[in-house]
Amino acid sequence: MTALALAIFAREAAFRDAVAQAQRKGRRIVGLWSPMPIELGDIGEEPAQPIAWIAIAAGLLASAGFYVFIWWTATQAYPFDSGGRPLHSWPVFLIAPIEFGALAAGIAGMIAFIVRAGLTRLHDGAFDLDEVARASSDRFVLALACDEGEDSAAAIRLLAEAGAVHSRVVTR
């Protein structure tokens, strides 16, 4: 079963030290809460997923799909000879797919942004913990992922050595 080792720090220096020690020991940092913004570098962050590439891919796929749809309707499904013009008139066919691709890229970019930012969650279980409730006012809180038993005891020892005021293990 997965457990969390939660620790409360009264001072920012001890919090930074605990984060650095956890990273050196190879511990997975699950949560960092503090009453003020703290620059910790790339510690505890997930690799960025480029939203622009998602939008570009969606726009190109939508444009290509819409172009194929227009070509199919004009040449295969309902061929109509209008004044001797060719059935496949690509200059006329380009306008709508470009506009549709731009629309699809914008929608895909917004959806990727909302999902990546985690805005689809209405409630996070961490807010039920008493330690996290005080983090917005005067405490620094660090959560490490660990297994129950010996691993959780090692995580608690690591946090205590770093200067934790209070620490405990929470099972999920």
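What follows is a short chat about helix packing and aromatic residues in a predicted model.

Visitor: Within what distance do the axes of H2 and H4 come, and at what angle do they cross?
Guide: In this predicted model, the axes of helix H2, residues 51-77, and helix H4, residues 95-117, come within 7 Å and cross at roughly 145 degrees.

Visitor: Is that crossing left-handed or right-handed?
Guide: The crossing of H2 and H4 is right-handed.

Visitor: OK, and which residues make the contact?
Guide: On the H2 side they include Ile51, Ala55, Gly59, Phe66 and Ile70, while H4 contributes, among others, Ile98, Gly101, Ala105, Ala108 and Arg116. Sorted by class, the contact between H2 and H4 has 17 nonpolar, 4 polar and 1 charged residues.

Visitor: Which residues of H4 are buried, and what do they pack against?
Guide: The buried residues of H4 are Pro97, Gly101, Ala104, Ala105, Ala108, Gly109 and Ala112, and they pack against H2 and helix H3, which covers 90-93.

Visitor: How far apart are the end C-alpha atoms of H4, against the span it should have?
Guide: The 23 residues of H4 should span 33 Å at 1.5 Å a residue, and its end C-alpha atoms are 33 Å apart, so the two values agree.

Visitor: What follows H4?
Guide: H4 is followed by glycine 118, which has a positive phi near 75 degrees.

Visitor: Switching to aromatics, how many pairs does the structure hold, and which residues form a cluster?
Guide: The structure holds 6 aromatic pairs, and Phe9, Phe15 and Phe140 form one aromatic cluster.

How values were computed:
Residues numbered from 1 in each chain as written. Predicted model: local features only at pLDDT ≥ 70, side-chain atom pairs only at ≥ 80, totals over all residues. Heavy atoms only, no water. Axes fitted to C-alpha atoms, helices over the stretch in contact; angles between N-to-C directions. Helix = DSSP H or I, 4+ residues; strand = E, 2+ residues; numbered from the N terminus. Left-handed = near helix turned anticlockwise from the far one by under 90°. Contact = heavy atoms within 4.5 Å. Nonpolar A, V, L, I, M, F, W, Y, C, P; charged D, E, K, R; others polar. Phe/Tyr/Trp six-rings, centres within 6.5 Å; stacked < 30°, edge-to-face > 60°. Expected span 1.5 Å × (residues − 1). Buried < 20%, exposed > 50% of the residue type's maximum accessible area, 1.4 Å probe, protein only.
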